[in-house]
Amino acid sequence: MAAQLARFTRFSSARFLSAFRPFGKFMTPFGSVVGNQVRHNSIEVQHKDNGIAELTMNHQPSNSWSLEFLEEFCVVLEDLEYDRDCRGLIITSGLPTVFSYGLDINEYYKANKERLRVFRRRYQEFWLRLYGSRLATIAAINGNSPGGGCLIALSCDYRIMAPGYKIGYNEVKGGLIAPSWFIDTMSSVVGQQIAERSVQVGLMFNSEDALRAGMVDQVVPLEEINAAAHEVMNFWLSVPDNVRAKAKTMMRRKNIEKLEMSREEDIRDFISRVQKDYTQEAIEKLLKKRKERGHDTPFIWGED
């Protein structure tokens, strides 16, 4: 709560008025608070007594990244970053068979330049906040994680995955290219060779292949994933926070600074690529395919 109130003073009056929602027993401008749980539109955060926060994504149907979802995620990450009682973050999904499918392709289809600019900036901000967080972060991957879902996992410090699901960058199968900072994040975890294979051909890994590649650190039964995440988190939190966070910053600074120095260039290149005729044609085909399968039915690009 202290973190939320501190953040509140930095909000404009317009955002203040639009942020209130009639939900729960106690209101903040950023969600409702019931006990140790903070509920936003698409995200719930459960605070534990030991300094661990559980973030559960509940954005139907596939935790895909609309502009509004990214903005909400950024607000939540900022709140947790400012909360000095919070030491560790576990990210998971409340949707069956889905961790996150990443990009909401509707954001790219016939969007105007300003909308694309804002979307990409939030996209960047989301990664910078998660990848550069002082918190110990664990992804409890309890569903399929293509594209941006894979980025969430790789941006965390540790990854635990349930069997029977897939993870990887598959953007090229939809006619898109993963951003350079996606690629840098994967390379830092699995190495250049595996990253190139995944990025160039859209390779998706099942849980066992992901474990062998080093993309995830553990594979445990679905019903045990939450307990496993807490067990690992307790180990990470046995190290003094300031020492661990400093070591993390040293390891990740290069990738963070690389994006920070080229954000505007990245945005310009992104807008140019998305507005190309061939990109819009590819997106239109994807949307048509999704409509044939059923409105908003999640599917992994390139897999029928």
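In the predicted model, strands β4 and β5 form a hairpin with four residues between them. Within the turn, G51 has a positive phi of about 85 degrees. Strand β4 spans residues 43–47 and runs antiparallel to β5, to which five bridges join it. One of the facing pairs consists of E44 and T56, the latter in β5.

Strand β5 also pairs with β7 (residues 88–93), here in the parallel sense and through six bridges. E54 has I90 of β7 as its bridge partner. Strands of a sheet pair through backbone hydrogen bonds, in either a parallel or an antiparallel arrangement. Strand β5 shows both arrangements, being antiparallel to β4 and parallel to β7.

The side chains of a regular strand alternate between the two faces of its sheet. In β5, I52, E54 and T56 point one way, whereas A53, L55 and M57 point the other way, and all are buried. Because six of the six residues of β5 (residues 52–57) are buried, this strand is largely enclosed by the rest of the structure.

Between β5 and β6 (64–65), the loop includes P61, which is joined to Q60 by a cis peptide bond with omega of about 0 degrees. T97 lies in the loop between β7 and β8 (102–103). Its phi is near 70 degrees, a positive value in a residue other than glycine. T97 is partly exposed, at 43% relative accessible area. K110 is placed in the loop between β8 and α4 (113–131) and likewise has a positive phi, near 55 degrees. With a relative accessibility of 66%, K110 counts as exposed.

A separate description applies to an open sheet of three strands, ordered β10-β12-β13 and mixed in its pairing. Strands β10 (145–146) and β13 (205–206) stand at its edges, each with a single partner strand, so one side of each is left without a neighbour in the sheet. The pairing of β10 with β12 (residues 166–168) is parallel and comprises two bridges. P146 stands opposite G168 of β12.

Individual side chains were also examined. The structure holds zero disulfides. C74 is buried, with a relative accessible area of 3%, and C150 is buried at 0%. S262 occupies the loop between α10 (241–260) and α11 (263–274), where the residue is partly exposed at 23% relative accessibility. The side chain of S262 reaches the backbone oxygen of K258 at 2.8 Å.

Over the whole chain, there are twelve helices and 14 strands. Of the 304 residues, 53% count as buried. The chain exposes about 14,300 Å², of which carbon and sulfur atoms supply 52%. Among contacts between residues at least 6 apart in sequence, 71% join residues at least 24 apart.

Confidence in the prediction was considered last. The mean pLDDT of the chain is 85, and 85% of its residues reach 70 or more. Over residues 1–30, however, pLDDT stays under 50. For this segment the model has 49 contacts beyond four places in sequence.

Key:
Residues are numbered from 1 along each chain as its sequence is written. This is a predicted model: local features need pLDDT of at least 70, side-chain atom pairs count only at pLDDT 80 or more; totals for chains, interfaces and linings use all residues. Side-chain values use heavy atoms; hydrogens and water are left out. Buried means under 20% relative accessible area, exposed over 50%, partly exposed in between (1.4 Å probe, protein chains only). Contact means heavy atoms within 4.5 Å. Accessible areas come from the Shrake-Rupley method with a 1.4 Å probe; for residues, only the protein chains shown count as cover. Two strands pair if DSSP finds at least two bridges between them. A disulfide is a pair of cysteine sulfur atoms within 2.5 Å. A polar contact is a pair of N or O atoms within 3.5 Å; within protein, one must be able to donate a hydrogen and the other to accept it, and residues adjacent in sequence count only if both atoms are side-chain atoms. pLDDT is the predictor's confidence in each residue, from 0 to 100.
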